[in-house]
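Please work through the following exercises with the sequence and the model open beside you, and try each task before reading its solution.

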Amino acid sequence: MAKTAVITGSAQGIGKAIATRLGNDGFNIVISDLQEDKASETVQELKDNGIEAISIPANVSKRDDMFQLVEKAAEAFGSVDVFVNNAGVDQVAPILEVSEDDLNKIFSINVNGTVFGMQAAAEQMKKQGGGKIINACSIAGHKGFSLLGAYSATKFAVRGLTQVAAQELAQDKITVNAYCPGVVGTSMWERIDDKMVDYMGLEKGQAFEKFTNDIALGRSEEPEDVAKFVSYLASEDADYMTGQAILIDGGIVYN
Ligand SMILES: NC(=O)C1=CN([C@@H]2O[C@H](COP(=O)(O)OP(=O)(O)OC[C@H]3O[C@@H](n4cnc5c(N)ncnc54)[C@H](O)[C@@H]3O)[C@@H](O)[C@H]2O)C=CC1
Ligand SMILES: CC(=O)C(C)=O
């Protein structure tokens with residue numbers, strides 16, 4: 001029987017590339033996102049390419065949504081073998097200007113959402129005798145970048161949560177790892193660039209260019225570059241790996 005992968009925030013961007021890659025690897029795919037229409041379009045694209053896929057809308061910042069997502073996915077396909085906590089949002093501002101609402105919003109999605117996703121996935125995976133949880137971190141979870149303070153705090157939190165969950169869930173044969181991309185030209189970076197250039201007094205596109213100039217491999221990252229690595233994390237080749245938050249950034253941060 002084919003294994004099943006659930007990917008949050010997968011209507012577009014990195015999540016969509018992960019869903020496409022895992023679908024091509026032979027997984028049944030559950031697309032989950034707040035953007036229901038876009039999610040349905042993504043499902044149709046996957047199906048047109050011979051991938052078994054459905055959409056189950058969910059808001060990662062709501063714990064009940066995450067439990068219902070896993071329950072419905074398991075009902076539809078019989079199991080949840082891989083759960084990718086990919087959904088995330090950005091926030092650009094100097095630390096001295098970050099508001100209480102800004103902090104609550106970004107933590108509710110990037111941190112609470114990751115916790116709720118891991119809780120829901122682990123409950124199902126324990127019943128099945130194991131599984132793989134994969135979290136979205138970032139270069140900003142390894143290094144602080146100016147104007148990304150709140151975002152960076154959430155991604156350092158994801159790294160910590162990945163390490164703790166890996167230890168707590170190992171006895172249930174559940175591995176927990178994270179991917180840490182660099183500068184990927186999705187809608188997230190369009191938003192980051194728009195806000196950064198205002199703060200930095202630059203022209204549109206120049207913040208993205210400035211970050212890209214620091215990449216050793218000389219180009220920005222494609223969502224598919226991330227998806228290839230997640231394909232490995234989701235595979236049996238990664239069975240002996242847990243608690244890791246691995247940089248896949250073309251050479252920006254070294255550690
Ligand atoms: N784009 C980049 O350069 C990098 C992105 N990342 C991380 O990768 C992940 C994906 O990022 P991108 O594809 O670039 O972003 P994106 O903004 O293109 O896509 C994010 C998706 O998440 C969905 N989403 C947002 N809030 C949600 C919620 N509460 N519940 C369910 N879905 C929600 C959005 O509707 C969207 O479809 C994020 O966790 C991000 O922090 C990490 C490093 C670099
Ligand atoms: C969006 C993101 O994680 C960075 C630092 O590029």
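**Exercise 1. Find which helix gives the largest share of the shell around ligand 2, and describe that shell.**

Step 1. The largest share, three residues, comes from helix H6, residues 187-200, where a helix is a DSSP run of H or I with at least four residues, a strand is a run of E with at least two, and both are numbered from the N terminus. This is a predicted model, in which local features need pLDDT of at least 70 and side-chain atom pairs count only at pLDDT 80 or more, while totals for chains, interfaces and linings use all residues. Residues are numbered from 1 along each chain as its sequence is written, chains are lettered from A and ligands numbered from 1 in the order in which they are written, and side-chain values use heavy atoms, with hydrogens and water left out.

Step 2. The residues around ligand 2 (those with a heavy atom within 4 Å of it) are Ser138, Ile139, Ala140, Leu148, Tyr151, Gly182, Met188, Trp189 and Ile192.

Step 3. Sorted by class, this shell holds seven nonpolar, two polar and no charged residues, where Ala, Val, Leu, Ile, Met, Phe, Trp, Tyr, Cys and Pro count as nonpolar, Asp, Glu, Lys and Arg as charged, and the others, Gly among them, as polar.

**Exercise 2. Identify which residues make polar contacts with ligand 2 through their side chains.**

Step 1. Look for pairs of N or O atoms within 3.5 Å, which is the cut-off for a polar contact between protein and ligand. A polar side-chain atom of Ser138 lies 2.7 Å from an oxygen atom of ligand 2, and Tyr151 also places a polar side-chain atom 2.7 Å from an oxygen atom of this ligand.

Step 2. From the backbone, an N or O atom of Gly182 lies 3.1 Å from an oxygen atom of ligand 2. Taken alone, ligand 2 exposes 220 Å², of which the protein buries 95%; these areas come from the Shrake-Rupley method with a 1.4 Å probe.

**Exercise 3. Describe the surroundings of ligand 1.**

Step 1. Ligand 1 is surrounded by 29 residues, and the closest are Asp33, Asn86, Tyr151, Val184 and Thr186.

Step 2. H6 gives the most to this shell, with four residues, and helix H1 (13-24), helix H5 (149-169) and H6 each supply at least two. By class, the shell divides into 15 nonpolar, 11 polar and three charged residues.

Step 3. An N or O atom in the side chain of Asp33 is 2.6 Å from an oxygen atom of ligand 1, whereas Val60 uses a backbone N or O atom, which lies 3.0 Å from a nitrogen atom of the ligand. Taken alone, ligand 1 exposes 840 Å², and the protein buries 96% of that.

Notes:
Polar contact = N/O pair within 3.5 Å; in protein donor to acceptor, adjacent residues only side chain to side chain.
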